[in-house]
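This note sets out some points for a colleague's reading of the model shown below.

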Amino acid sequence: MGGFGSGRKGRNNPLVEDCFVISVDKINKFGGISENQNYILEWCNPQSQEVLSEITVESDGNRLLLTYQAIGQETKQICDIQTSISIDWTYPPLGGKRPWFCCPNCFKRISKLYKPETEHYFRCRHCYDLTYQCRKDGNDKLAIALNKVKRMKKKLGLSGTISDSVSLP
């Protein structure tokens, strides 16, 4: 079994980096899980600051009610989606309490929910069989370096191709 070149390379799973993400930690940090909270989450294009998607969130402390629009895969029609995400609380040994999302599909306790562009609902990465870009790169040093440059450009809000920022002597 195994041998040179064997393994999972070449899998075409969707990437975590290409999905819309909701993090329970970030929402809790600004008080978005406490009772009677209503707010809007927005995802923006880092270059143009254009709003790509927005979600209206209502919280009662034990669940989040998400309302947003998604595009149907077959019909390409805009669908209004309303879904509820349960919040589970744990009590760490050193005090306080920590929130977790319960995946609406598999009911696992997780900290982030993902929605690929081609899907309608937020689920955990296991339900959508998502993978990370670094897992696909393996030991390819050039791919790792180029992805690092891409992440830095995205963080800085720079546009252009990666080859624009690489100058060879």
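In what order do the 6 strands of the open sheet lie?

1. The model is predicted. Its open sheet has the strand order S2-S3-S4-S5-S6-S7, and the pairing is antiparallel. At the edges lie strand S2 (37–44) and strand S7 (109–110), each of which pairs on one side only.

2. Strand S2 and strand S3 (residues 51–59) run antiparallel and are joined by 8 bridges. Within this pairing, Asn38 has Glu58 of S3 as its bridge partner.

3. The largest nonpolar core comprises 24 residues. Those with the most contacts inside this core are Ile22, Ile27, Ile55, Leu64, Leu66, Phe101 and Phe122. At least two core residues come from each of strand S1 (20–23), helix H1 (24–29), S2, S3, strand S4 (63–71) and strand S5 (78–90). Another core, of 5 residues, lies apart from the largest one; Val16, Cys19, Tyr114 and Leu130 are among its members.

4. Which residues does Ile22 contact, once neighbours within four places in sequence are left aside? The partners are Ile27, Leu41, Trp43, Ile55, Leu66, Phe101, Ser111, Lys112, Leu113 and Phe122. Of these, Ile27, Ile55, Leu66, Phe101 and Phe122 are also listed, with Ile22, among the residues with the most contacts inside the largest core.

5. As to confidence, the protein chain has an average pLDDT of 80, and 78% of the residues score at least 70. Confidence is highest in S7, with a mean of 95, and lowest in helix H4 (residues 162–165), with a mean of 52. The edge strand S7 is thus the element with the highest confidence in the chain.

Terms used:
Residues numbered from 1 in each chain as written. Predicted model: local features only at pLDDT ≥ 70, side-chain atom pairs only at ≥ 80, totals over all residues. Heavy atoms only, no water. Pairing = 2+ DSSP bridges. Helix = DSSP H or I, 4+ residues; strand = E, 2+ residues; numbered from the N terminus. pLDDT = per-residue confidence, 0-100. Core = buried A, V, L, I, M, F, W, Y, C linked by side-chain atoms within 4.5 Å. Buried < 20%, exposed > 50% of the residue type's maximum accessible area, 1.4 Å probe, protein only. Contact = heavy atoms within 4.5 Å.
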